Amino acid sequence: MNGQDKDHKKVSVKAEETTEFIPAIRLINKPDGSCAFEKGRIPTLKHMNTTTFWMSNKTEEWEKNAHPAPRRQYVITIKGNIRFKVTDGSTFLIKPGTVLLAEDLKGKGHSWDMVKSKEWERLYIPIAEDADDLFIAD
């Protein structure tokens, strides 16, 4: 069977309960519209309500300037170390193994720059509207 066949068999996969987590940092908007972040984790083996994803290793200069997230999304770093900065000047580092949840959809948003990295390879996974992001704050 190839990817063009119309008669795909539906496979049901049950997510197991887990006590394992992946570290995560979530960008959020405060009530005044400013951007802040919180540290936490996401459980493993949980099905996430998504329909598409894409990868990027290209960086435009405007992306490093303050901007809000274009949509609620997971950003999975494959390669690179990225320092994010929020409205009050606080910073945090994202590197492979930590999930970024971009949910700061209003205001000036966040900015970032590469730390000891020449390239940022990442995977963007939009979160379906009204879906749980599965984030658990520490």
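Me: Which residues is leucine 27 in contact with, leaving aside its neighbours within four places in sequence?
Reply: Contact means heavy atoms within 4.5 Å. On that basis leucine 27 is in contact with Cys35, Ala36, Phe37, Phe84, Val86, Phe92, Leu100, Leu101, Ala102, Glu103, Asp104 and His110. This is a predicted model: local features need pLDDT of at least 70, side-chain atom pairs count only at pLDDT 80 or more, and totals for chains, interfaces and linings use all residues. Residues are numbered from 1 along each chain as its sequence is written, and side-chain values use heavy atoms, with hydrogens and water left out.

Me: Which residues of the largest nonpolar core touch the most other members?
Reply: In soluble globular proteins, nonpolar side chains tend to be buried together. A nonpolar core is a set of buried Ala, Val, Leu, Ile, Met, Phe, Trp, Tyr and Cys residues joined through side-chain atoms within 4.5 Å; buried means under 20% relative accessible area (1.4 Å probe, protein chains only). Here the largest core has 13 residues, and Leu27, Phe84, Phe92, Ile94, Leu100 and Trp120 touch the most other members. A second, separate core of 11 residues includes Ile42, Val99, Ile125 and Ala131.

Me: Is arginine 122 buried or exposed?
Reply: Arginine 122 is buried, with a relative accessible area of 0%. Its side chain reaches the backbone oxygen of lysine 58 at 2.8 Å. Among the contacts of arginine 122 is Glu63.

Me: What does glutamate 63 touch, not counting residues up to four places away in sequence?
Reply: Glutamate 63 touches Lys58, Trp112, Arg122 and Tyr124. Glutamate 63 is also buried, at 14% relative accessible area.

Definitions and conventions. Buried < 20%, exposed > 50% of the residue type's maximum accessible area, 1.4 Å probe, protein only. Polar contact = N/O pair within 3.5 Å; in protein donor to acceptor, adjacent residues only side chain to side chain.
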